[in-house]
Amino acid sequence: MNYLKRLIEVDLPIARISAHARREKSIRHGHISTLHIWWARRPLAACRAVICASLWPDPADELCPSAFREAASELLISFAKRMFPARINEEGHQLQSTASKESRGRWEGLLQAEREGHPLDPHDAAHQQVLRGALLDFIADFANWDNSTVPAYLETSRALTQAAHETLGGVPGTRPLVVDPFAGGGSIPLEALRVGGDAFASDLNPVAVLLNKVVLEYIPKYGQRLADEVRKWGEWVKEQTEQELAGFYPKDQDGATPIAYLWARTIQCEGPGCGAEVPLLRSLWLAKKGAESSALRIVVDKKSKVLHFEIIDRATAKDVANPTSGRGAATCPTCGYTTPADAVKSQLKPRRGGSRDARLIAIRQDDPQTRRRVYRLPTSVDEVAAEKAGMELNSRTQANDRNLTLVPDEPYPNETGAGALSSSVLYGFESWGDIFTPRQALALTTFIKYIDEACNMMVGDDGLRLATRTCLAQSLNRLADFSSSLCRLNSTGGRGVVNTFSRQALPMMWDFLETNPFNDVGANWAGSVDTYVATIEAETANIIGGHAERASATNHILPDGAAAAFVTDPPYYDAIAYGDLSDFFYVWLRRTLADHYPSLLRESLVDKTDEVVHLSKRFRGPYSHKTASYFENGMQMAMREGRRVLASNGIGVVVFAHKSTSGWEAMLSALIDSGWKVTGSWPVDTERGGRMNAIGTASLASSVHIVCRPRINDAVATDDKTGEWRDVLSELPKRIHEWMPRLAAEGVVGADSIFACLGPALEIFSRYSRVEKASGEAVPLREYLEQVWATVSTEALSMIFKDADAVGLEPDARLTAMWLWTLGGMDTNGNGSPKKNDTDEKVVTSTGYTLEYDAARKIAQGLGIHLEQSDSIVEVSGDKARLLSVRERTRHLFGKDEPAPRTARGRKKPKAKQLDLFKTIDELEAEAEETAAGELKPQAGETVLDRVHQSMILFASGRGEALRRFLVDDGAGNDARFWKLAQSLSALYPKETDEKRWVDGVLARKKGLGL
């Protein structure tokens, strides 16, 4: 079936969009991500670009209506005139916009042609290509956060959206509806509103729904009035609460307000005859910042067995002793005995985690003159104030006559197991209230009290009152994130406190930082309110109102054909336990908003019954039924509902990012089996440029945007046809060959490239309702995906070795190259020569390179290699496979010809000791009986990879003469494949590793040896 293609089905400037998405991670002021925690929130830049490209037709498509081409041409010329005024003279004119360098030439060219009497002709085929390029440039620049509020971009994008909507059959005066049934943090629906669409955002999770109500409904409706009310009543709440709690946060003698308090959970030493109290401290550093560095020193009174502390100013590493806590165990400074981890758990369990009786260790009090971070020891005044807070909380708890307990008593997540959400549950936390100290709980409950009083005092519009109350309640949630005993000290800088959800889990914190909610530095009530006000004011004039509702994606409440676009970012298989994590916030929302949102907040905890996630492997108990098939079935129902609510000429975009092949197979099966066909896919890099991935492990930086259309099946137009397996297989290599170089040119390589290839591969497979072999047997998606992996592997090898014949290399070299490419792609300096390592760059000792076993198996299978027969270079353990480091292969390459030890799948591998390359070489030389000097003389390895690795080891151990003889006299360097493989490995090894340095050292010897 022929259909009018949207821009996203033709092209997308992914490199420029990715750059804006990465930068956005560091933007805070006015960004919706600062309002409230939500996990795996999509960058607004990517959402804005994808929605524009999904709603706007491709003007170069032969089916594109002339009306849209004409409107787009007029709008873009008008935009260019606003952003790029005519030159006053030939020199000195500065472009008055934040357009990228890639775009400026096009805009200036369009204006120059206009001035010379050659305007865009929307009916000319060549000009239609220019128009397409202009639209893509506009999208790339509009993705820039700095342009998201610029009137010229906003007005032009909305006019383009309206023109597209009406020329595609939309009712004049209406907006195209964008539906997101997994709305989460609200990025997709927010951007749909920004670019002129309508948005229907739904989610099962009440925390997400309330967040979306603020962003999509309250901010557009009330705007500056809401900002003014939140600011006014937020200040009133602070004044009242601070006045009531002043005695529990005593000021210093000089009148200064403490910033934060460092606490440590404690146990009793179980050493023979000791019994001393041991504070559990992960580190004795307080601040590590040059001259501002400070640390704790433990002073032991041997007689009384009581520990005291001193603070070391201008501390250096030699001043700082070892911590008392590590890997769950506790070492007593008094007697030196280490109480094992299980015993620590046993002591903390009866005390429900030890938050209530932790020991106050130090107090942060910044110098008001220099703004330097300063710590002091607690005084008796500080300790008594904290004790009184506990007594006051007990008194208020007994006097509480509300339906809900004062402090949350709802059950804490109790799942255990290898991938459990919270290691802290092992230490006795039973309710959500247990993770707060008495003073933290007292402060939060007092804020709730005055939020309630403030909202009762408000007069006027009931809707505005509810919106204000909701914003203040979510401000409290933001404060709570920085006010639990799972927050920790950041000794290296920033605001000093790391929030509860610095990652998607609830890990145990032995020592923790309690922020003073009235401090004047950060992580306080005023800051939480100011963040809301800043975002409201930033977005007031930029978005049109939408709608947020609690609804299941598997049983959507919208009617058939209501949406112009179905754009969603569904749960990532088994990656995040959204419901359990959000309970942290939900229990506080119930205490501030339950009477005002009774249908949303009636349950004691977030209802996780229908949450579409795969958690059976990670959690025991209530999640045992949430298996891979549960996820696939639930996602299939959700995708089928998305297809139902979408208009027949509508478009779908599904965002997915998961590093496991099983997660991808489940998602893609659900998509195709529910009646969609894939028409494109675009990877957008969503991680910060400065993010450091763990060397040697797979890490997906991109989110893949899968573009799809409903498969049509009616008497007039049908996609319901059967494809032949041989035709599909013959087309697949051509499609991958076209696609992978394009990805590489956009900086998409490695695992990101593999998963990004699934989209174009599925364009072939999913255009048919059924693909059959010659025998009539249906081909399942899983079998096709195996072929995709094989094709991608073959194409990647051709890119790695370029003009060389990769087939001429043995299997171990091909597998090693593809393995390293999957982990990180290629890194060359553009001329084919190895890069020099920076002298100040840290070189990391490699411990091998790990992939998910199934991914590794498919890579090997695609190369015609059996992974289990590659044990000289690969170790398999459970669901992981590890490419051995060169260091680990030393004895195999120079000593007894025996393979590296393998570990059977499913068996726990004992922790290996760090290998010492030089010690291993020395041992081998001592064992060798080769020369009088005992110098190591390797027998050339059986494969090219073995010989390259041998030369790398000789270089690393400083055996230059032995390396020369090996390469020249023994002839290892006379094989062109040797240097081609070495060159490729130089590009493939991560630049921080010693292996990169070694292979570059070998390559540097080539010319000098006359090879």
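## Terms and basis

A residue is called buried under 20% relative accessible area, exposed over 50% and partly exposed in between, with a 1.4 Å probe and protein chains only. The model is predicted, so local features need pLDDT of at least 70 and side-chain atom pairs count only at pLDDT 80 or more, while totals for chains, interfaces and linings use all residues. Residues are numbered from 1 along each chain as its sequence is written, and side-chain values use heavy atoms, with hydrogens and water left out.

Helices (H or I, at least four residues) and strands (E, at least two) are DSSP runs, numbered from the N terminus.

## Trp285

Trp285 belongs to strand β6, residues 285–287. Its relative accessibility is 14%, so Trp285 counts as buried. Val320 is 35 residues away from Trp285 along the chain, and the C-alpha atoms of the two are separated by 7.1 Å.

## Cysteines

A disulfide is a pair of cysteine sulfur atoms within 2.5 Å. The whole structure contains 0 disulfides. Cys269 takes part in none, and its nearest cysteine sulfur, that of Cys335, is 3.5 Å away. Seen from Cys335, the closest cysteine sulfur is that of Cys269, and 3.5 Å is too far for a bond. Cys269 is buried at a relative accessible area of 5%, whereas Cys335 is partly exposed at 41%.

## Aromatic pairs

Rings of Phe, Tyr and Trp (its six-membered ring) pair if their centres lie within 6.5 Å; planes under 30 degrees apart count as stacked, over 60 as edge-to-face and the rest as tilted. There are 37 aromatic pairs in the structure. In one of them, Tyr249 and Tyr261 have ring centres 6.4 Å apart and planes at 45°, so the pair is tilted. Tyr249 is in the loop between α8 (206–245) and β3 (260–264), and Tyr261 is in strand β3, so the pair ties together parts that are 12 residues apart in sequence. Tyr249 is buried at 7% relative accessibility, and Tyr261 is buried at 1%.

Phe584 and Phe585 form an edge-to-face pair, 4.9 Å centre to centre with 80° between the planes. Both Phe584 and Phe585 are buried. Ring pairs also link them into a cluster whose members include Trp38, Tyr412, Phe501 and Trp588.

## Charges over rings

A charge sits over a ring if NZ of Lys or CZ of Arg is within 6 Å of the ring centre and within 35 degrees of the ring normal. Arg439 places its charged end over the ring of Tyr261, 4.2 Å from the centre. The charged end of Arg48 sits over the ring of Phe142, 5.4 Å from its centre.

## Two helices

The expected span of a helix is 1.5 Å times one less than its number of residues. Helix α16 (residues 661–673) has 13 residues and reaches 18 Å from its first C-alpha to its last, close to the expected 18 Å. Of its 13 residues, 11 are buried, so α16 is largely enclosed by the rest of the structure. Among the buried residues of α16 are Trp664, Glu665, Met667 and Leu671. Gly675, which follows α16, has a positive phi near 100°.

Helix α28 (residues 994–1005) has 12 residues and should span 16 Å; its end C-alpha atoms are 17 Å apart, which agrees. α28 is mostly covered, with 9 of its 12 residues buried.

Most residues other than glycine have a negative phi. Arg327 is not a glycine, yet its phi is positive, about 55°. Arg327 lies in the loop between β9 (325–326) and β10 (329–331) and is exposed at 82% relative accessibility.

Ala523 also has a positive phi, near 55°. It is placed in the loop between β16 (511–515) and α13 (525–539), and at 9% relative accessibility Ala523 counts as buried.

## Cavities

On a 1 Å grid over the protein atoms alone, a cavity is a set of points where a 1.4 Å probe fits but cannot get out, and lining residues have an atom within 4 Å of a point. Grid points are joined across faces, edges and corners, and a volume is the space filled by probe spheres set on the points. The structure holds 7 cavities of 30 Å³ or more.

The largest cavity contains about 410 Å³ of space. Its lining has 33 residues, of which Trp38, Phe182, Gly184, Asp203 and Pro571 lie nearest the centre. At least two lining residues come from each of α7 (187–194) and α14 (578–593).

Technical notes
1 Å grid on protein atoms, 1.4 Å probe; cavity = no way out; pocket = protein on both sides within 12 Å on 5 of 7 lines; lining within 4 Å.
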